[in-house]
Amino acid sequence: MQDLIQQAAQAVRSARRTIALTGAGISAESGIPTFRDPGGLWDRYDPEEYATIEAFQRNPGKVWTMMRDFTQLKTAKPNPGHFGLAQLEQMGLLHCIITQNVDNLHQAAGSRDVIEFHGNMRQVVCLSCRKVLPLDEISLATLPPYCGCGGVFKPAGVFFGEPIPPHALYRSQEEAQSCDLMLVIGTSAVVYPAAAMPRLAKEAGARVIEINPEHTDLTGWVSDFIIPEKAGIAIPQIIAAIKAMAS
Ligand code: APR
């Protein structure tokens, strides 16, 4: 494992432009369940019933019961994985983060350049007047919650069947094609178009390093190597190795 950590540290140190793609796995150590791991969110909630835009339009109250029960989204704090990426950005070694996560934890850890590929579930948007509010500012006493204009509020994350925010998609493609190193952290890489970003980077000549306790669809053909470790352990170790190389 130490050898892989050293290789990753050397790669980050010598890269011209490093970016990261993150998924639910980086927030697992903050107590937020992932989607597809055993006991994950999609084990408890059928995504066809709770995570498609059709499901929301059909029965917004039902979808909001999941959101209300998903208390971790409100209480979770960043972990050493999030803080490590913020530190790499401050060290000038990480250009930006493309995140599939909707939990605002990268920003809470101090990361400044975060592309929210799937929106942000710590906010709500009115489906009529498009007003956006922090989730904390609305009452979930009665579901679904309604806007003053009479429209229904929807969590401001991207539901299956909704388009990726155009700016996030366009910028992510740009960043993937102009980086020379992509760290792919805590994603099973099965949901597109996010899962296409590592291959875009690879085809543009970049190296791709995964950090994930489990192999993914990228392992062995898109990624150069995988560090089979938790993000909250591997990322601080990579930073320590970088600092040791510099001293
Ligand atoms: N550190 C790093 N990786 C981890 C950790 C950890 N501590 N714990 C779990 N993982 C890995 C798992 O092995 C798995 O490969 O994180 C991955 C989580 O995969 P998913 O649950 O499929 O989550 P993600 O890839 O982010 O899902 C993509 O699917 O449901 C939609 O919109 C949702 O953004 C989400 C998208």
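## What counts as sitting in a pocket

A molecule sits in a pocket if more than half of its atoms lie within 2 Å of the pocket's grid points. The model described here is predicted. By this test, the ligand sits in the largest pocket.

## The largest pocket

The largest pocket holds about 1,000 Å³ of space. Its lining is made up of 48 residues. Those that lie nearest the centre of the largest pocket are Gly23, Ala24, Thr34, Phe35 and Arg36.

Which helix gives the largest share of this lining? That helix is α2, with three residues. The helices α2 (25–28), α3 (41–44) and α6 (60–69) each supply at least two residues of the lining. Sorted by class, the lining of the largest pocket has 27 nonpolar, 14 polar and seven charged residues.

## The shell around the ligand

There are 22 residues around the ligand. Glu29, Arg36, Thr187, Ser188 and Asn212 come nearest to the ligand.

The shell around the ligand divides into eight nonpolar, nine polar and five charged residues. In the lining of the largest pocket, by comparison, the counts are 27 nonpolar, 14 polar and seven charged.

## Polar contacts and burial

An oxygen atom of the ligand lies 3.2 Å from a polar backbone atom of Gln100. A nitrogen atom of the ligand lies 2.9 Å from a polar backbone atom of Ala231. Taken alone, the ligand exposes 740 Å², and the protein buries 93% of that area.

## The second largest pocket

How much space lies in the second largest pocket? The volume is about 250 Å³. The second largest pocket is lined by 16 residues, and Gly119, Ala156, Gly157, Val158 and Pro165 lie nearest its centre.

Two strands, β4 (119–126) and β6 (153–157), each supply at least two residues of this lining. By class, the lining of the second largest pocket has eight nonpolar, four polar and four charged residues.

Conventions: Residues numbered from 1 in each chain as written. Predicted model: local features only at pLDDT ≥ 70, side-chain atom pairs only at ≥ 80, totals over all residues. Heavy atoms only, no water. 1 Å grid on protein atoms, 1.4 Å probe; cavity = no way out; pocket = protein on both sides within 12 Å on 5 of 7 lines; lining within 4 Å. Points joined across faces, edges and corners; volume = space filled by probe spheres on them. Helix = DSSP H or I, 4+ residues; strand = E, 2+ residues; numbered from the N terminus. Nonpolar A, V, L, I, M, F, W, Y, C, P; charged D, E, K, R; others polar. Near = heavy atom within 4 Å. Polar contact = N/O pair within 3.5 Å; in protein donor to acceptor, adjacent residues only side chain to side chain. Areas by Shrake-Rupley, 256 points an atom, 1.4 Å probe, with all protein chains shown as cover.
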